[in-house]
Amino acid sequence: MAAKSALDLKTVSILSEHRTDIAAYEHPWVVRMAHWANAASLFVMVTTGLRIYKAFPSFGAKIPQHDFINIPKWLTLGGWLGGALQWHFTFAWIFVVTGLTYVIYQIVSGNYRQVLFTLRDVSGVWPMARHYFFFGKKPEVTEPYNPLQKLAYTSSIFFGILATLTGFVLYKPAQLWWLAYPMGGYHLTRVWHFLAMCGFLSFIPGHLIMVALHGWNNFYSMLVGWKKGPEYI
Amino acid sequence: MAFLALDTANDAKPHNGNDMNPDDNPEKASVSPSDVREAPSDEEKVLTHRDFSRMSRRELLKLSPLVVLGAFAIPRVQEKLLEKGVALSDWASGEFFSKSRLARTFKDSDVVPFEKFPYNGYDILDPEVDLDSWTLTVEGLVRNPGEFELPKIQTLPKIVQNTRHVCVEGWDAIGNFGGARVSDFLKFIGADTTARFVEVECADDYYESLDMASMLQPQSLMCYEMYGKPLDRGHGAPLRLQMPTKLGYKQAKYLTTFRVTNVLKSDRKGYWEDQGYSWHGGL
């Protein structure tokens with residue numbers, strides 16, 4: 001019988017004198033490229049976005065101005081508003097192209113089944129969350145991504161779409177006034193754009209902690225695609 | 001096929017922890033090391049550790065295109081790349097702009113009170129223009145160059161509109177503006193509207209340059225009134241540009257010179273643009 005994961009991932013056996021390891025090709029090249037390009041562009045978009053926001057750190061009127069938050073300069077990139085805008089409008093292209101490439105690849109290749117959160121994942125969310133946050137028993141690992149991961153990765157696509165659409169409205173409110181309507185108008189679009197960033201920020205720390213906890217083998221798989229001894233096989 | 005397999009695997013296995021018997025799970029059993037050694041599948045490769053490491057390194061090298069992104073960390077290259085990035089965005093902005101597409105206009109009740117319409121300037125709010133002797137100098141690719149007094153500009157049809165003023169900093173305010181269409185003024189001075197740019201200079205030494213397409217948009221005004229009163233000094237008396245399709249910094253105040261041209265000096269595209277703002281600045 002073929003040694004296959006449930007998802008038809010490509011696998012190999014690695015022979016040594018004492019044991020045999022299985023390795024699965026979890027992350028195709030396009031996915032890895034997109035992951036790292038996106039990590040870079042997201043970093044730039046968030047840090048320069050915060051610098052841009054610092055120029056008017058409010059969601060209200062200019063007069064009287066009530067600041068919402070004071071963003072420390074060391075969290076920002078670009079130096080000043082003009083510099084941050086240059087970074088933002090350069091990496092916006094990289095962000096959008098990367099996102100589109102990723103989504104199209106996932107759909108065409110069928111690889112989306114690995115990460116797409118669907119109805120049948122709903123029941124698995126709580127057991128996983130209980131394990132992560134409340135020391136509950138670890139649920140059985142049956143596939144590359146657990147329900148909580150799927151929820152995170154799938155919602156990050158949603159945040160990406162929201163960030164892109166609201167970004168376009170803020171960039172071209174006169175040309176895209178019709179797109180501002182579902183967002184509650186130009187003024188509120190700025191709030192949505194900010195919330196899209198908060199969505200990403202809510203995901204990234206957890207993601208990084210998990211990467212740190214799961215060690216080198218897991219991290220290395222996002223570089224080379226192959227994961228040695230995956231739990232689900 | 002794979003999808004089906006996944007479904008059944010999920011159904012068969014309650015999430016009940018680590019005490020599963022591997023025999024319960026045919027898939028799990030099938031890939032136990034002993035099985036693989038006895039019956040390697042046709043599809044599956046068997047590799048030595050060395051081969052596997054070599055294959056992994058090859059996969060790692062395939063990510064090398066990403067090194068290009070590292071160029072953004074090199075200061076000298078970085079500046080050029082960002083210039084290119086902004087130029088690309090500006091090009092896209094210009095292509096996307098349509099002079100027949102109108103910016104939204106608003107009801108009188110949506111307009112902020114005059115006191116809440118912000119004053120903004122790069123330096124001083126009152127460059128002390130002598131309003132009595134003021135004229136607008138018209139130059140460049142026009143049939144009627146010369147000095148234009150305000151009453152002359154006011155003979156053109158007056159447009160009054162409630163539009164949103166958007167500042168690059170992120171704030172916005174809906175105001176009430178009155179003036180002559182830039183497009184009417186261009187006709188009035190016999191401008192070559194196939195020219196690419198209009199340059200303006202201001203009494204406070206501010207300067208700007210704008211694309212002809214945006215100037216011809218029917219909501220672009222040579223603005224001399226706000227809220228039904230002559231423009232006050234802080235908002236650019238006696239004449240400013242008011243364009244709902246441009247960011248605030250493009251809408252120069254205290255105009256003194258209006259030049260139609262095909263050539264922009266690379267170091268004099270606009271006060272803020274020369275420091276790094278986007279040139280198109282279109283909304």
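Colleague: Where is the place of A:Phe194 in chain A?
Modeller: In this predicted model, A:Phe194 sits in helix α7 of chain A, the helix that covers residues 186-224.

Colleague: And does A:Phe194 count as buried, exposed or partly exposed?
Modeller: A:Phe194 counts as partly exposed, because 18 C-beta neighbours lie inside 10 Å, whereas 20 or more would be needed for a buried residue and 12 or fewer for an exposed one.

Colleague: How far apart are A:Phe194 and A:Leu162 in space?
Modeller: Their C-alpha atoms are 10.0 Å apart, while in sequence A:Phe194 and A:Leu162 are separated by 32 residues.

Colleague: Let's move to where the chains touch. At what angle do α2 of chain A and α5 of chain B pack?
Modeller: Helix α2(A), residues 81-109, packs against helix α5(B), residues 75-96, at an angle of about 70°, and their axes are 8 Å apart. That angle makes α2(A) roughly perpendicular to α5(B), because angles from 65 to 115 degrees count as roughly perpendicular.

Colleague: Which residues of α2(A) and α5(B) meet there?
Modeller: On the α2(A) side they are A:Gln86, A:Trp87, A:Phe89, A:Thr90 and A:Trp93, and on the α5(B) side they are B:Leu81, B:Leu82, B:Gly85, B:Val86, B:Leu88 and B:Ser89. Sorted by kind, the residues of this contact are seven nonpolar and four polar, with no charged ones.

Colleague: Now chain B by itself: how many helices and strands does chain B have?
Modeller: Chain B has eight helices and eleven strands, and buried residues make up 33% of its 283 residues.

Colleague: In what order do the five strands of the open sheet in chain B come?
Modeller: The order is β3-β2-β11-β6-β7, and the pairing is mixed. Strands β3 (146-148) and β7 (207-211) of chain B stand at the edges with a single partner strand each, so one side of each has no neighbour in the sheet. From one strand to the next, the twist averages 20°.

Colleague: How many bridges pair β6 with β7 in chain B?
Modeller: Strand β6(B), residues 197-202, pairs with β7(B) over five bridges in the antiparallel sense, and B:Phe197 stands opposite B:Asp211 of β7(B).

Colleague: What about β4 and β5 of chain B, which way do they run, parallel or antiparallel?
Modeller: They run antiparallel, with nine bridges joining β4(B), residues 158-166, to β5(B), residues 172-181. B:Val160 stands opposite B:Gly178 in β5(B). This hairpin has five residues between the strands, and B:Gly170 takes a positive phi near 125° in the hairpin.

Methods: Residues numbered from 1 in each chain as written. Chains lettered and ligands numbered in written order. Predicted model: local features only at pLDDT ≥ 70, side-chain atom pairs only at ≥ 80, totals over all residues. Pairing = 2+ DSSP bridges. Helix = DSSP H or I, 4+ residues; strand = E, 2+ residues; numbered from the N terminus. Axes fitted to C-alpha atoms, helices over the stretch in contact; angles between N-to-C directions. Parallel < 35°, antiparallel > 145°, perpendicular 65-115°, else oblique. Contact = placed C-beta atoms within 7 Å. Nonpolar A, V, L, I, M, F, W, Y, C, P; charged D, E, K, R; others polar.
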